[in-house]
Amino acid sequence: MDQTEIEKQAAADHAVQRIQDGMLLGLGSGSTSAYAIRRIGERVRQGLNVRGIPTSRHSEELAEAVGIPLTSFDEETRIDLTIDGADELTPQLQLIKGGGGAMLREKIVATASDRLVIIADSRKLVPALGKFQLPIEVLPFACPVVARWLRDLGGKPQLRSDADGKPVMTDQQNLVLDCDFGIIETPEELAAQLDRIPGLIAHGLFLRLASCAIVGRGTEILTIEREMERA
Ligand code: 5RP
């Protein structure tokens with residue numbers, strides 16, 4: 001296993017130690033979250049009593065395969081703890097997410113959670129957001145006009161496509177624009193501007209959502225805690 005994978009797994013293992021019996025869990029998406037889901041599955045097989053709400057079809061399939069009982073917002077609307085990955089995170093716990101295209105469900109689950117624990121390898125920790133292009137989920141009907149509005153905001157949007165050149169569709173059958181805004185000096189301002197665009201369904205700026213980040217760095221674990229819990 002290479003160093004990055006070791007860091008991801010170590011971060012995931014540390015986060016899973018925070019799980020307590022009886023919790024309702026949000027199950028994140030991506031390769032780092034997959035380590036956490038597999039570890040939770042091991043603990044369930046050892047007797048841990050938890051249920052999970054997955055943030056993507058892929059995580060749902062993995063959680064089912066490792067034996068985590070699943071539920072949905074039809075049954076529960078408040079999640080105790082969500083463990084999820086990130087594409088970038090700052091020491092202030094500002095995040096870019098959505099590299100896997102799951103940012104809409106991830107944001108819903110994060111917002112419904114009492115605590116959001118972000119797990120990452122050390123490459124993800126950055127002084128400021130923006131080297132990673134911002135993923136934006138867009139209603140197909142509105143995609144060209146949303147792209148125009150993103151350009152008006154100074155962004156350079158690009159339609160996400162697969163290896164065959166076909167547009168990538170999200171679990172909700174929407175499109176993804178990966179938008180280069182350069183280094184994002186004022187993420188709160190940009191998020192507010194994006195939130196006002198009709199047809200833009202979700203963007204990957206996750207601000208004031210993470211309670212904590214657990215980052216694997218070499219053989220160490222770096223933990224960044226939010227000073228104040230969000231309401
Ligand atoms: C998916 C996400 C992932 O959490 C993010 O892309 C990190 O993925 P990985 O752990 O594979 O690097 O936001 O939408």
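Tutor: Happy to! Keep in mind that this is a predicted model. Start with volume: the largest pocket holds about 350 Å³ of space.

Student: Which residues lie nearest the centre of the largest pocket?

Tutor: Its lining has 23 residues, and Ser29, Gly30, Gly99, Gly100 and Gly101 lie nearest the centre. Helix 2 (residues 31-45) gives the largest share of that lining, three residues.

Student: How many residues of each class are in the lining of the largest pocket?

Tutor: There are 13 polar, five nonpolar and five charged residues.

Student: What takes up the space of the largest pocket?

Tutor: The ligand does. Around the ligand are 16 residues, with Ser31, Thr32, Asp87, Gly98 and Lys124 the closest. By class, this shell has nine polar, five charged and two nonpolar residues.

Student: How do I read the contacts of the ligand?

Tutor: Look for pairs of polar atoms. A polar side-chain atom of Ser31 is 2.5 Å from a ligand oxygen atom. From the backbone, an N or O atom of Gly100 lies 3.3 Å from an oxygen atom of the ligand, and a polar atom of Gly99 is 3.4 Å from a ligand oxygen. The ligand taken alone exposes 380 Å², and the protein buries 90% of that.

Student: What about the second largest pocket?

Tutor: About 170 Å³ of space lies there. Its lining includes Ile53, Leu70, Phe73 and Arg105. By class, the lining has six nonpolar, three polar and two charged residues. Helix 4 gives the largest share, three residues.

How values were computed:
Residues numbered from 1 in each chain as written. Predicted model: local features only at pLDDT ≥ 70, side-chain atom pairs only at ≥ 80, totals over all residues. Heavy atoms only, no water. Near = heavy atom within 4 Å. Polar contact = N/O pair within 3.5 Å; in protein donor to acceptor, adjacent residues only side chain to side chain. Areas by Shrake-Rupley, 256 points an atom, 1.4 Å probe, with all protein chains shown as cover. 1 Å grid on protein atoms, 1.4 Å probe; cavity = no way out; pocket = protein on both sides within 12 Å on 5 of 7 lines; lining within 4 Å. Sits in = over half its atoms within 2 Å of the grid points. Nonpolar A, V, L, I, M, F, W, Y, C, P; charged D, E, K, R; others polar. Points joined across faces, edges and corners; volume = space filled by probe spheres on them. Helix = DSSP H or I, 4+ residues; strand = E, 2+ residues; numbered from the N terminus.
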